[in-house]
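Student: I would like to go through this model with you. Could we begin with the strands?
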Amino acid sequence: MTQPPFTVRKARTHDVPRIVELVEPLVSRRILLGKERVDLYGDVQEFRVAEAADGTVVGCGALHVMWEDLGEVRTLAVREDWLGRGVGHALLDALEDDARELGLSRLFCLTFEVAFFGRHGFEDMGHESVDPDLYAELVRSHDEGVAEFLDLARVKQNTLGNTRMLKVL
């Protein structure tokens, strides 16, 4: 079996500028929500990166814990010239492994890439809501991802055209 031309590893602080470079074109096209560099440094432990043999970061993705059994796949991005080479798949696999290791049983994502996530077992949440007791706890969060999961009106500008998807691990 041949070795892939990239490896997936946990992100380190020196990867943050490379993550910014990777996601900026997608943010400018309104495919991904932008994050401030200071927030990326604060969240670096949530990220995995795909690194080519020459050290170039060719993909990234993050797993954010939302609740005891629920996490969100965030900022999953692959350099355009690396699309179709298994990078997104490998990153998502690594994030799912991380989720299982943390004891999560469900993963959420907000995405335009419905076909990609659908191939990986995510399903459109539609208008699905959560248990009222859980809703009462989650609605206290200041996290935009939680608000997107709950489909709150205050984040509608973030979610226009996106699909809320969920996977049971």
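Student: Which residue stands opposite Arg48 in β3?
Tutor: Gly61 stands opposite Arg48. The model is predicted, so to speak of local features requires pLDDT of at least 70 and side-chain atom pairs count only at pLDDT 80 or more, while totals for chains, interfaces and linings use all residues. Residues are numbered from 1 along each chain as its sequence is written, and side-chain values use heavy atoms, without hydrogens and water.

Student: How do β2 and β3 pair?
Tutor: Strand β3 (residues 57-67) pairs with β2 in the antiparallel sense over five bridges. Strands are DSSP E runs of at least two residues and helices H or I runs of at least four, numbered from the N terminus; pairing requires at least two DSSP bridges. Four residues separate the two strands in a hairpin, and Gly55 in the turn has a positive phi of about 95 degrees.

Student: What about β1?
Tutor: Strand β1 (residues 6-10) runs antiparallel to β2, joined by five bridges. Phe6 stands opposite Ala52 there.

Student: Why is β2 largely enclosed?
Tutor: Six of the six residues of β2 (residues 47-52) are buried, so the rest of the structure largely encloses this strand. Buried means under 20% relative accessible area with a 1.4 Å probe, protein chains only.

Student: Which residues of β2 point which way?
Tutor: Phe47, Val49 and Glu51 point one way, and Arg48, Ala50 and Ala52 the other.

Student: Changing topic, what does Phe122 touch?
Tutor: Leaving aside neighbours within four places in sequence, Phe122 is in contact (heavy atoms within 4.5 Å) with residues including Val73, Leu92, Phe117 and Met165.

Notes:
Buried means under 20% relative accessible area, exposed over 50%, partly exposed in between (1.4 Å probe, protein chains only).
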